[in-house]
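This briefing is meant to be read alongside the sequence and the coordinates.

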Amino acid sequence: MIEISQRCPRVADYLENEVGFQKWSRCHFPGLRYNVTTTNMFESLNNMLVTAREFPYVALLDVIQEKMSKWWNERRIMSMSLTSPLTPNQENELRPRFMGSNGLLTIQLNPVTYQVFDIDRLPCAHTIAAALHARVGVYSLVSPYYTKEYYMLAYQQTIYPVGSQSQWDVPDEVVSRVVLPREVKDRKMRRPKNSRYPSAGEFRKRKSRCGKCGQLGHYKKKCRSEAGSTEGNPPTNVTAL
């Protein structure tokens, strides 16, 4: 916020007084929108569909359905094999806090300023120390969304493959509907772009390819590979006597 105030005081005043920190700052947001969902899932799907998005629509949907079925099946099997009451990620997150609770004193925390559980939905080291002192189960303080039961319920359904088009029950109003192709603007013939355009504030460093070994990350002059080097070798057009 200090950097924003130095560059543009008007914008800083707008964000702080008119908009409010809770609408654009994660640590001040009062709801449960963030945490796990901050990971950009669309980027993961785009990376998965780099090749398949060039397919026709029906084939693209088949690839998505196949991948989702595979993910659902793998996570269903993993959830049934869990031996811990919590999911693996939350169990790994809770274990260091439990180890860090040794030697901590039980104090009274201010629920207004100390909102670790409200954000993470996991007890902190101080809460674990107080729970152990009061002989309260630590797992009972964890949000039920992180438990094994909720994990199993999330993947209990089965994604079935789509049957042949000859077996589809399509209404007559859909069959009789005429769908015209979209208007295409005249443009120069060029190779289509496969990667997305960087968003505002996103910069990508272009990697150079070596003309000697073909690897990325260095130039031909700085190449340390022996591939293609002719130093010390006799010319190929000279016949040995």
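Glu-91 is a buried residue, its relative accessible area being 13%, and its partner in a salt bridge is Arg-95, with the closest N and O atoms 3.9 Å apart. The model is a predicted one, and across the protein chain the pLDDT averages 78, with 79% of the residues scoring at least 70.

- Arg-95 and Glu-91 are separated by about one helical turn, because they stand four residues apart in helix 5, which covers residues 88-100.
- Whereas Glu-91 is buried, Arg-95 is partly exposed, with a relative accessible area of 44%.
- Helix 5 also holds Glu-93 and Arg-97, again four residues apart and so separated by about one helical turn, and their side chains meet in a salt bridge at 3.3 Å, N to O.
- In this pair the acidic residue, Glu-93, counts as partly exposed at 40% relative accessibility, while Arg-97 is buried, with a relative accessible area of 15%.

**Salt bridge in helix 1**
- The structure holds three salt bridges, one of which joins Glu-3 to Arg-7, where the closest N and O atoms are 3.3 Å apart.
- Both Glu-3 and Arg-7 belong to helix 1 (residues 2-7), in which they lie four residues apart, about one turn of the helix.
- Arg-7 is exposed, its relative accessible area reaching 71%.

**Cysteines**
- As for accessibility, Cys-210 counts as buried at 3%, while Cys-213 is partly exposed, with a relative accessible area of 24%.

**Confidence along the chain**
- Confidence in the protein chain is highest in helix 8 (residues 148-154), at a mean of 92, and lowest in helix 6 (residues 116-120), at 73.
- Over residues 228-241 the pLDDT stays under 50, and for this stretch the model has two contacts beyond four places in sequence.

Definitions and conventions
Residues are numbered from 1 along each chain as its sequence is written. This is a predicted model: local features need pLDDT of at least 70, side-chain atom pairs count only at pLDDT 80 or more; totals for chains, interfaces and linings use all residues. Side-chain values use heavy atoms; hydrogens and water are left out. pLDDT is the predictor's confidence in each residue, from 0 to 100. Helices (H or I, at least four residues) and strands (E, at least two) are DSSP runs, numbered from the N terminus. Contact means heavy atoms within 4.5 Å. A salt bridge is a side-chain nitrogen of Lys or Arg within 4 Å of a carboxyl oxygen of Asp or Glu. Buried means under 20% relative accessible area, exposed over 50%, partly exposed in between (1.4 Å probe, protein chains only).
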